[in-house]
Amino acid sequence: MKDMNVELLAPAGNFNKMRTAFYFGADAAYIGGKNFSLRAFSDNFTADELKKAIVYAHGLGKKIYVTANIFAKNADFSALADYFSFLQEAGADGAIVSDLGAMSVLKKAAPRLALHVSTQANATNKYAVKFYAETLGASRVILARELSLAEIAEIRQFNPQVELEAFVHGAMCISYSGRCLLSDYLDGRSSNRGACAQCCRWKYEIRALNPTDGDTGWLPLEEDGRGAYILNSKDLNMLSALNALKNAGVNSFKIEGRMKSEYYLATVVNAYRRAMDGGDIAACERELCAVAHRNYTKAYAFSGCSGAGGGTRDSARDGACDGAADGNEGGVCGGRTEEYRAGQIKGEYDYAANVLSYKNGAVRVEMRNRFKTGDTLFVLSPGKYHGKEFSVGTMRCEADNADTTDAKIVQGIYSFACPYPLSAGDILRRRAG
C-alpha cells in the first residue's frame, strides 16, 4: 500500500485529540464548533480554539475541516451565514455540510470556503455527486456508507474532478447514512441536530397482550439466541481493503469517532497510517483489536446486495476479534452489519500512560490507568519503538517527590527507567487483565 497518495482523515473532539491524531499520522482532522455539529456532546471547539487549531494544523502541513452538518431549521440561518464567514476568514480547509439550504448560504457568505458534502446528504449515485459539484460548487462529496466499491468506481468515472471521501473505520448507524429519528422519538434528542442518545445500542423487550387473559407482562426479545440488540450495528473496518478503495477512486479515508478517547484515536490512526505506508497488514489488523470495539465488518464494500444487511451472513468472524473484518473481499457480499451481542469486545490492552518526556534513561509520564512496579508496559508510537515492551521498576511520584511501586494517582506524573528513548506523544499500555 506504500505511496498511496490518499488522505488519512481523523476525528478530533477536542484540541488534545487533534494533536494526537496528527502525531500518529493523520493528514487532516475534522472537528466541530460549539454549534451546528452532529456531535453536540463532544467537547468541540470554541471560536478561539478553532482559530488555534487551524493555525496549529497548517504549521504541520495538515488540514482542518469543520463540521456544520445539522439539518438546519429556519432559526439557524442568520447565525450560519456568520459562522461560514468566520470559518473562511479563519482559514478552514473546508466545511462539512449536509443541508441544501446551508450549502446555498455557504456559497454566498463564504465563497472561498470549500464545501464538503456530508455523508448525511446520502450521496449514493453519480448524478447526485455531479449535482453537488456543478450546481452547488462542492469540491468534495463524502459518500454514503451504503455504497459498494463497484458503485464508487462508477461515481468516480462519471465525476473525475470531484474529491471523494469514504469512511473506512468506526461505529456505524443502523439508519440510512445516519439519518435517524429513533432518538428523537424515544428520548426527545434529535440525532439530526447533534444530540443522538444512541438508542440503537439499547437492549429491547416486547410486551405481549393476550386477547383473552390480558397483559402477560414484559418478555425478553431474542434474535438467534444471542440477545435482543436488534438495532445494533457492527463496526466498520476496511484496513485490508484500502488498495481496493483507492483503486475505486477514493481520495480520503475517513475514521469515525469524535467521541472516542485519545488512546482509541492513537491506536486506530497509527494502524491505518502504518498500513498506508506499507506496513504489515496482519500486524495492523491486530492493532485494531487493541481497543474496545464491536465485531468488525466491511459492510457493503464488496456487496452486490442491498438493504440493511448488505449481504448474506458470514458467521465465521461473528465472535471475538481475531484481527479481521468479516466478509470475503473477492466474494459477492461483504457481510452483515447487524450486531446482536450486548456491546463491545474489550480491547486487548489498557491505556496506561501518556509519555511527556524522556531524559537520562528515564521516561516521564502522565498516568491514565493504574499500573505498578513489575508490570510489563508496551509502547504505542508512530516511530520505530512501536510495540516494544519493558518491565516497570521503581517509580518516582512528582506529587510527593517520593519513590513508589504503585502509580495510582489519577493523571499523576511519574518517572521511571525505560530502555527506549521515547518521545512526547507516545503512549504506554499494558495487556488487559
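## Phe-84 and the nonpolar cores

Leaving out residues up to four places away in sequence, Phe-84 touches Ala-68, Ala-95, Val-97, Ala-102, Val-105, Leu-106, Ala-110 and Leu-113. Apart from the core described next, there is another one of 20 residues, and its members include Met-395, Tyr-414, Leu-422 and Leu-428. The model discussed here is a predicted one.

The largest nonpolar core has 98 residues. Phe-84, Tyr-132 and Phe-253 are the residues with the most contacts inside this core. Among the elements, helix α9 (residues 262-276) gives the most to the core, contributing 10 residues. As a general matter, nonpolar side chains tend to be buried together in soluble globular proteins.

## The chain as a whole

The chain holds 10 helices and 22 strands. Of its 433 residues, 53% are buried. Among contacts with a separation of 6 or more, 68% are between residues 24 or more positions apart.

## Helices α2 and α3

Helix α2 (residues 47-59) packs with helix α3 (residues 77-90) at an angle of about 30 degrees, and their axes are 10 Å apart. The crossing of α2 past α3 is right-handed. On the α2 side, the contact is made by Ala-47, Leu-50, Lys-51 and Ile-54. On the α3 side, Tyr-83, Phe-86, Leu-87 and Ala-90 make the contact. By type, the residues of this contact are 7 nonpolar, no polar and 1 charged.

## Helix α4

Buried residues in α4 (100-109) are Ala-102, Met-103, Val-105 and Leu-106. They lie on the same side of α4, because the arc they cover around the axis is only 165 degrees. In general, an α-helix has 3.6 residues a turn, so residues three or four places apart point the same way.

The cover over the buried residues of α4 includes α3, β4 (94-97), β5 and α5.

## Helix α5

In helix α5 (residues 126-134), the buried residues are Lys-126, Ala-128, Val-129, Tyr-132 and Ala-133. Their arc around the axis is only 160 degrees, so they fall on the same side of α5. Tyr-127 and Glu-134 are exposed, and they sit on the face of α5 turned away from its buried side.

Several elements pack against the buried residues of α5: α4 (100-109), β5 (115-117), β6 (140-142), α6 (149-158) and β7 (163-171). One of these buried residues, Tyr-132, is also among the residues with the most contacts inside the largest nonpolar core.

Phe-22 is found in helix α1 (residues 15-23). With a relative accessible area of 5%, Phe-22 is under the 20% cut-off and therefore counts as buried. In sequence, Phe-22 and Lys-62 are 40 residues apart, while their C-alpha atoms are 7.8 Å apart in space. Residues up to four places away in sequence aside, Phe-22 touches Asp-27, Ala-28, Ala-29, Tyr-56, Ala-57, Leu-60, Lys-62, Lys-63 and Ile-64.

Val-250 lies in a loop, the one between α8 (242-248) and β11 (252-255). Val-250 is buried, with a relative accessible area of 3%. Val-250 and Ala-153 are 97 residues apart in sequence, and the distance between their C-alpha atoms is 8.4 Å. Beyond its neighbours within four places in sequence, Val-250 is in contact with Val-6, Ile-152, Leu-164, Ala-166 and Leu-245.

## Two loop residues with positive phi

Asn-401 has a phi near 55 degrees, which is a positive value in a residue other than glycine. The loop that holds Asn-401 is between β18 (395-397) and β19 (402-404). At a relative accessible area of 54%, Asn-401 is exposed.

Gln-411 also has a positive phi, near 60 degrees, and is likewise a residue other than glycine. The position of Gln-411 is in the loop between β20 (406-407) and β21 (413-417). Gln-411 has a relative accessibility of 44% and so counts as partly exposed.

How values were computed. Residues numbered from 1 in each chain as written. Predicted model: local features only at pLDDT ≥ 70, side-chain atom pairs only at ≥ 80, totals over all residues. Heavy atoms only, no water. Axes fitted to C-alpha atoms, helices over the stretch in contact; angles between N-to-C directions. Helix = DSSP H or I, 4+ residues; strand = E, 2+ residues; numbered from the N terminus. Left-handed = near helix turned anticlockwise from the far one by under 90°. Contact = heavy atoms within 4.5 Å. Nonpolar A, V, L, I, M, F, W, Y, C, P; charged D, E, K, R; others polar. Core = buried A, V, L, I, M, F, W, Y, C linked by side-chain atoms within 4.5 Å. Buried < 20%, exposed > 50% of the residue type's maximum accessible area, 1.4 Å probe, protein only. Arc of directions from axis to C-beta.
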